[in-house]
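Time to jot down what I looked up, starting with the whole chain and then going to single residues.

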Amino acid sequence: MPDLDSLRELTGEFRPPPFVDLVAVATKRRRRSAVAASAAAAAVVVAVGGLAVTRGDSGRIPEPAPSPTPTQTPIPTPVPTAGPVPRGPSDVTSVRVTGRCQCVLEVAGETVPGNWTLEMSRGDVWVASRNEDDLSATLWWGKGTAVRAMDAICCTGGIVISPDARWITWTRDVDGQRVMEVVDTATGKARWNRDDDDYDPELDQLLGTPVLTNDGVVAFVRCTEPLPDSAGSTDRCDAARVEVWAPEVGVTETFSAEVTGHQPLLESTGVHNGLLVRPDTSGPVLYLHVSERGDVEVVAHLPQATVMVSADEQYALAGRCRSSNQCDFAVHALDGGGRRPLRVPASAAGWIHEGWGHFVAETDDLVIVQSNPDIVSLPPVLARCSLAQARCVRIEE
């Protein structure tokens with residue numbers, strides 16, 4: 001078990017902000033629906049912890065907002081989970097692949113007819129490839145055992161299910177153009193859409209998977225400076241932008257950011273509208289809230305190696321795996337109360353290896369290690385961790 005000193009190189013120093021930093025010192029940039037005419041507007045660009053935020057407002061030029069007066073934001077005192085860490089099944093997903101062939105798709109114990117390869121799931125909503133008799137595969141999504149075809153989907157990397165499984169978003173080809181859609185999973189119909197012609201499946205997937213909140217707000221990354229290699233292929237990116245699209249009100253916020261090697265610029269974590277954004281290669285990771293109207297709030301500055309924030313927003317988890325059987329993670333209290341190494345049984349250190357699974361906020365201080373769907377020999381949920389207790393246990397099914 002690594003000591004705290006050995007984790008400093010991995011996790012860096014945690015710096016809780018003295019007050020909640022509102023990203024309110026820029027003008028608003030709004031993209032209205034196609035029926036609304038957009039007038040030219042001046043935009044102010046402000047650097048916030050290395051993150052350049054551009055906002056403009058259609059039809060008028062607002063005055064820059066005054067700097068907020070520093071105030072101490074009370075943070076509830078973390079209360080450790082009482083008793084043992086629960087070992088029962090998780091509600092994060094009720095979908096799994098079973099059978100001798102590992103191709104039988106089950107949702108809450110009911111079988112979906114066909115031969116399947118699971119791509120992703122949340123609650124009872126799923127995306128999977130159906131393996132046809134001619135050895136081809138077609139992409140489908142479903143809610144429970146109800147199955148729907150996915151027509152002209154650009155690629156699986158652009159598909160995301162919201163934490164409450166109410167929404168699903170993707171980019172698909174429509175009449176020669178790429179369009180991003182947000183679909184209501186209850187009706188199966190697209191609720192909102194927008195042009196997405198600058199989506200590059202190869203580059204943009206390397207920069208981070210899109211994030212979809214329970215409000216239907218989509219955050220995604222687009223490469224702005226492709227970096228060709230000696231052969232002329234553009235498999236690297238030198239600069240990018242993060243966009244936050246709030247379709248209910250027709251607002252898009254744009255953030256410019258440096259590309260940080262192999263670490264994703266954007267990740268979903270914490271509460272349903274919580275995002276981790278890595279704006280530069282050396283500064284802190286920003287934990288953000290995105291409102292249903294597209295307003296962005298910086299909640300905390302976290303270590304570079306942060307991988308998630310708990311649902312109660314009391315703790316952050318930072319670290320990485322050195323090998324398939326050595327993963328060093330530390331739990332940070334967001335009130336500045338120090339950090340502790342995450343205790344994982346030695347026989348199960350591989351649970352959180354990068355190639356096996358990923359952390360997902362569950363409830364309160366609990367997080368689960370959800371297995372990657374392409375490793376079909378693993379159960380859908382590998383472990384549950386209490387960040388308050390800084391320990392993990394196996395899930396018993």
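This is a predicted model: local features need pLDDT of at least 70, side-chain atom pairs count only at pLDDT 80 or more; totals for chains, interfaces and linings use all residues.

Accessible areas here come from the Shrake-Rupley method with a 1.4 Å probe, and for residues only the protein chains shown count as cover. With that in hand, I looked up the chain: its accessible surface comes to about 18400 Å², and carbon and sulfur atoms hold 50% of that surface.

Residues are numbered from 1 along each chain as its sequence is written, and side-chain values use heavy atoms, with hydrogens and water left out.

Next I checked burial (buried is under 20% relative accessible area, exposed over 50%, partly exposed in between, with a 1.4 Å probe and protein chains only). The chain has 397 residues, and 49% of them count as buried.

Then secondary structure: I found two helices and 30 strands. These are DSSP runs numbered from the N terminus, helices being H or I with at least four residues and strands E with at least two.

Which loop holds Asp-175? I found Asp-175 between strand E12 (167-174) and strand E13 (177-184). Its phi is near 55°, a positive value in a residue other than glycine. Asp-175 counts as exposed because its relative accessibility is 79%. I also looked up Ala-152: it sits 23 residues from Asp-175 in sequence and 10.0 Å away in space, C-alpha to C-alpha.

Last entry: Asp-364 is in the loop between strand E27 (357-361) and strand E28 (366-371). Asp-364 isn't a glycine, yet it has a positive phi of about 50°.
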